[in-house]
Amino acid sequence: MQKTLKKLFILSALALSTSVISTSVIGATSYANDGVITDESRNRTIPINITLPSNNAKCTAQVKCSVAFINAGYGISHNEYTFVSNAFSQRGYLTVAVAHELKSDPDLNREQPYLTTRMENWHRGVVTLKFLVNELSSEYPAYDFTKLTLFGHSNGGDISSLHGSIYPNEVSTIITLDHRRMLIPRNKNIRVLTLRGSDYPADANVLLNDSELDKFPVTQIMIEKSRHNDMYDGGPKWLVDRMSKEVEGFLDSKN
């Protein structure tokens, strides 16, 4: 399993480097007022929603504030995780919510093994995140794009986990809501919180076993009676409140 994953990461990283080089050479990026950024190297429009922190006046080029990316679950709007963006904003983060799925994209593959059949989808998401980091870092010099916090629900959590595996030196924190396919990075320098729904199990090796939990800064919390598809703003209030509490507590404990 680990050898297979390593091969996948290498292939994905090589493709990513090609994409990033292409983007930087072309250097053609356009911004629209409606929160859309265009990666012209891929002819791809990327809907985004940027939220400044509540204390943004304290963020300067000399003392930079943190950056968080929100990666939505498949079929859910990137604007449906305001309980998370509020938690980040209150703690000084610049938050970028990203819509990874476009109507022109192929449907999410339903055939196993997902580690190979869905890699194209996750890889596309990682390319998008890398592009946004390169572009937005110059637009927002008062924020630190070198140590990202990645949040993701379901497939968005798979994208976040893959990004952290390929670019471990550029990620400090990963928070996922019941992602079930991509392995959590086993890295002592990346703090991870994953909140687990109670209706579906994760695939083999996605979560850490007891021995691994003793070695890595990973917190895995099962929320009883929670449903995978309810883990966003539209879920029941008790669940949104519980997720908010866990995320806020995790962020507050980083120091």
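## The loop residue D230

Leaving aside neighbours within four places in sequence, D230 is in contact with G235, P236, L239 and M243, where contact means heavy atoms within 4.5 Å. This residue, D230, lies in the loop between β9 and α7; helices (H or I, at least four residues) and strands (E, at least two) are DSSP runs, numbered from the N terminus. With a relative accessible area of 18%, D230 is buried. The term buried stands for under 20% relative accessible area, exposed for over 50%, and partly exposed for the range in between (1.4 Å probe, protein chains only).

The loop between β9 (218–222) and α7 (237–252) also holds K225. K225 has a positive phi of about 65° although it is not a glycine. At 76% relative accessibility, K225 counts as exposed.

## Basis and confidence of the model

The model is predicted: local features need pLDDT of at least 70, side-chain atom pairs count only at pLDDT 80 or more, and totals for chains, interfaces and linings use all residues. Residues are numbered from 1 along each chain as its sequence is written, and side-chain values use heavy atoms, with hydrogens and water left out.

The predictor's confidence in each residue is given by pLDDT, from 0 to 100. For the protein chain the mean pLDDT is 90, and 86% of its residues reach 70 or more. Over residues 17–34 pLDDT stays under 50, and for this stretch the model has 24 contacts beyond four places in sequence.

Strand β7 (residues 171–177) has 6 of its 7 residues buried, so it is largely enclosed by the rest of the structure. Strand β6 (residues 148–153) pairs with β7 in the parallel sense over 6 bridges; two strands pair if DSSP finds at least two bridges between them. Within this pairing, T149 has T173 of β7 as its bridge partner. From β6 the chain crosses through helix α5 (residues 155–166) to β7, and this β-α-β crossover is right-handed. A crossover is right-handed if, with the strands pointing away from the viewer, the path from the first strand over the helix to the second runs clockwise.

Strand β7 is also joined to strand β8 (residues 191–196) by 5 bridges, and β7 and β8 run parallel. The bridge partner of I175 in β8 is L193. In β8 itself, 5 of the 6 residues are buried, so this strand is largely enclosed by the rest of the structure. Strand β8 pairs in turn with β9 in the parallel sense, over 5 bridges, and R196 has M222 of β9 as its bridge partner.

The loop between β7 and β8 contains D178. D178 has a positive phi of about 55° although it is not a glycine. At 1% relative accessibility, D178 counts as buried.

## Helix α5

Of the 12 residues of α5, 11 are buried, so the helix is largely enclosed by the rest of the structure. The buried residues of α5 include N155, G156, D158, L162, H163 and I166.

At 1.5 Å a residue, the 12 residues of α5 should span 16 Å, and the end C-alpha atoms are 17 Å apart, which agrees. The expected span is 1.5 Å times one less than the number of residues.

## The disulfide

The structure holds 1 disulfide, defined as a pair of cysteine sulfur atoms within 2.5 Å. This disulfide joins C59 to C65, with an S to S distance of 2.0 Å. The torsion about the S-S bond of C59 and C65 is about -95°, so the disulfide is left-handed. Both C59 and C65 are buried.

T95 lies in strand β5 (residues 94–98). At 1% relative accessibility, T95 counts as buried. Not counting residues up to four places away in sequence, T95 touches N49, I50, T51, A68, I70, S85, F88 and S89.

The loop between β5 and α3 (114–117) contains P113. A cis peptide bond joins Q112 and P113, with omega about 0°.
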